[in-house]
Amino acid sequence: QVQLVESGGGWVQTGGSLRLSCAASGRTFSSAAMGWFRQAPGKEREFVAVINPSGINTFYVESVKGRFTISRDNAKNAVYLQMNSLRPEDTAVYYCAAVHKEGRSWLGDYWGQGTQVTVSS
């Protein structure tokens with residue numbers, strides 16, 4: 001089992017940057033693929049990025065490619081999401097999750113409580 005706590009959200013102007021952190025506890029963290037998801041007001045939660053257990057392989061939703069970077073530090077039991085060139089449409093609650101793949105989709109097994117990111121125009 002994995003417990004997750006996100007931090008680093010906040011308010012930023014268009015074009016700005018934020019770095020989200022996800023602190024994990026549980027002995028299975030280093031063997032878990034980890035992902036970031038987001039949910040904007042009135043919309044369904046959507047996948048943003050995923051990183052494999054070793055940290056070598058990553059995958060992003062098309063809308064954030066080239067702007068967001070997911071990384072992890074297994075020694076610190078942490079996952080990060082560096083977000084650059086932020087846009088108003090990136091405004092959402094961002095969730096960290098331990099994930100698995102089903103078909104073409106990444107699904108969350110364990111979730112954090114979320115952290116709010118607001119990008120003003």
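This is a predicted model: local features need pLDDT of at least 70, side-chain atom pairs count only at pLDDT 80 or more; totals for chains, interfaces and linings use all residues.
Trp111 has a relative accessible area of 33%. Because this value falls between the cut-offs of 20% and 50%, Trp111 is classed as partly exposed.

## Aromatic pairs

The structure contains four aromatic pairs. One of them joins Phe37 and Phe47 in an edge-to-face arrangement, with 5.8 Å from centre to centre and 80 degrees between the planes. This pair connects distant parts of the chain: Phe37 belongs to strand β4 (residues 33–39) and Phe47 to strand β5 (residues 46–51), and the two are 10 residues apart. Both Phe37 and Phe47 are buried.

Tyr95 and Trp111 also form an edge-to-face aromatic pair, with centres 6.3 Å apart and planes at 85 degrees to each other. Here too the partners come from distant parts of the chain, 16 residues apart: Tyr95 is in strand β9 (residues 92–102), while Trp111 is in strand β10 (residues 105–111).

## The aromatic cluster

The residues of these two pairs belong to one aromatic cluster, which consists of Phe37, Phe47, Phe59, Tyr95 and Trp111.

## Charged groups over rings

Trp111 also has a charged neighbour: the charged end of Arg45 is placed over the ring of Trp111, at 4.3 Å from the ring centre. A further arginine, Arg19, lies over the face of Tyr80, and its distance from the ring centre is 4.0 Å.

Methods. Residues are numbered from 1 along each chain as its sequence is written. Side-chain values use heavy atoms; hydrogens and water are left out. Rings of Phe, Tyr and Trp (its six-membered ring) pair if their centres lie within 6.5 Å; planes under 30 degrees apart count as stacked, over 60 as edge-to-face and the rest as tilted. Helices (H or I, at least four residues) and strands (E, at least two) are DSSP runs, numbered from the N terminus. Buried means under 20% relative accessible area, exposed over 50%, partly exposed in between (1.4 Å probe, protein chains only). A charge sits over a ring if NZ of Lys or CZ of Arg is within 6 Å of the ring centre and within 35 degrees of the ring normal.
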